[in-house]
Amino acid sequence: METIAAIVTSPGTAAVSIIRLSGSISHEVIKRISNISDEELIPGSFKLKWIIEKTENIENKIDQALILNFKAPKSFTGEDVIEIQCHGGSWLSKKILELCLENGARLAKPGEFTERALLNKKIDLSQAEGILDLIHSRTELSGANAVNLYQGFLGQKIKTMRDALLKLLAELIACIDFPDEVDEYPVKKFTEKLSFTILDIEDILRSEKSGQILREGFKVALAGKPNAGKSSLLNTLLKNDRAIVTDIAGTTRDIIEESMNLNGIPVVLSDTAGIRDSDDTVEKIGIELSKKAIQGADLILWLEDINNVTDYDNFKNEIEELKQSFPDKDFLVIGTKVDLLDETNENLNSSNFNLVISNETQLNIEELKNYIYNKANPELKSVADSCNVSINSRQADLLRQCKESLAKALEAADSGIAHDFWTIDLKAAIARLGEITGDDLTEEILDNMFSQFCIGK
Ligand SMILES: Nc1nc2c(ncn2[C@@H]2O[C@H](COP(=O)(O)OP(=O)(O)OP(=O)(O)O)[C@@H](O)[C@H]2O)c(=O)[nH]1
Ligand SMILES: [Mg+2]
């Protein structure tokens, strides 16, 4: 394998930057560009040395750096690895990388270090996805899920399932190949085993939604009529004047999307244009975008200025119509600007609203946050202190395909056809599980997976 090199820290001014080398000539490269000696290259050690640009006549000191040495197979990639911790700054790290490239290494592709760790069986594919999740995680719960995936908790479950199916396949093949020596495989035993595996798969599949929330965030749309206080609520929740707030109806046109960390749950808030009949071209486009945001949201906060509600029957009908337009959506109807009502006003006790709030006095803002938190997904809270992993969409798709194949194999066995036919779908199911862990790797999987990584990982 060629020796690869990359800057693994993010560019810009910083105290320290790290350049990583991996491959069979990593040690050669570092000797060519520093004053480290063979004796000093002790596996698992670090040395403070000079990085030197060596030309025919002169040796030019570039920086004093800490050189970490890992010997194959005891490294992240399973190969000889050198890490150079130099002083930060984009010029310096680029210069040292250039020296590595001029002295025998080539630039690593995105995710290539992790890909090598996978190919050298240091990690499985689901663990590689765990690393990717960890890098992109936005909250402690996303991070905890990523760490569980990286530790191989999902990979182990899948491997156990796959091994059991492989054993079953071997037993079936023995019955087919040696009918005189091996008894026919009992249908009941076969269907029972597959049914249990299907139940296990369904159990894992239940974490798909929480996996989506942990990776992409729980999507909350702030919608309602113009001037209801949507942008003000966005600013209140973010504790930041992110959106423009005015008393002019129709202020917000484009969707404003912002993320927040709600006690560990990543939440994506979308402030939308107020929905009303309008002749204004730009506002009309904004309103269409609002409807799309509602369609894509996990929860819609429908805001209504409580002071404007005078006809309750009409209001109820409007809300009913709204819910019918988005039948599968979850709405929380919120009465806003409650601070402008006097305490005797009957709207205050109105059961027409799920919640009444004030951005001005912060009334019920904490309650609203708790509501969103509890709604996000009750299972999420157990991620941090368990070995559970919430799966991603690739893993979910493969599990669904596996389940389908198992169901077909079950059908084949039940219908009384020959054992040969049972094995076709069983083999397909095993292959899908193998794709989750990378035991059945294709070029396509590798390319898709590692193109999402950054250079240096
Ligand atoms: N008294 C009071 N005024 C509020 C409250 N929330 C918002 N407002 C005022 O209501 C007006 C409209 O607020 P926005 O947040 O811009 O309303 P919006 O729903 O985003 O309006 P559009 O973007 O036009 O759809 C502003 O003048 C705000 O200061 C509140 O809780 N109490
Ligand atoms: Mg607005």
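In the predicted model, a polar backbone atom of Gly229 lies 2.9 Å from an oxygen atom of ligand 1, a polar contact being a pair of N or O atoms within 3.5 Å (within protein, one must be able to donate a hydrogen and the other to accept it, and residues adjacent in sequence count only if both atoms are side-chain atoms). For Lys230, a polar side-chain atom is 2.7 Å from an oxygen atom of the ligand. A polar backbone atom of Glu360 is 3.3 Å from an oxygen atom of ligand 1. On its own, ligand 1 has 650 Å² of accessible area, of which the protein covers 89%; areas come from the Shrake-Rupley method with a 1.4 Å probe, and for residues only the protein chains shown count as cover.

Around ligand 1 there are 22 residues, and Lys230, Ser232, Gly250, Thr251 and Asn359 come nearest. A residue is near a molecule or strand if one of its heavy atoms lies within 4 Å of it.

The protein is divided into domain 1 (4–108), domain 2 (127–207 + 390–450) and domain 3 (216–381), with bounds from an automatic or database domain assignment. The centres of domain 1 and domain 2, taken over C-alpha atoms, are 42 Å apart.

Leu119 belongs to helix α3 (residues 112–119), helices being DSSP runs of H or I with at least four residues, numbered from the N terminus.

Residues are numbered from 1 along each chain as its sequence is written, while chains are lettered from A and ligands numbered from 1 in the order in which they are written. Local features need pLDDT of at least 70, side-chain atom pairs count only at pLDDT 80 or more, and totals for chains, interfaces and linings use all residues, while side-chain values use heavy atoms, with hydrogens and water left out.

Conventions:
Helix = DSSP H or I, 4+ residues; strand = E, 2+ residues; numbered from the N terminus.
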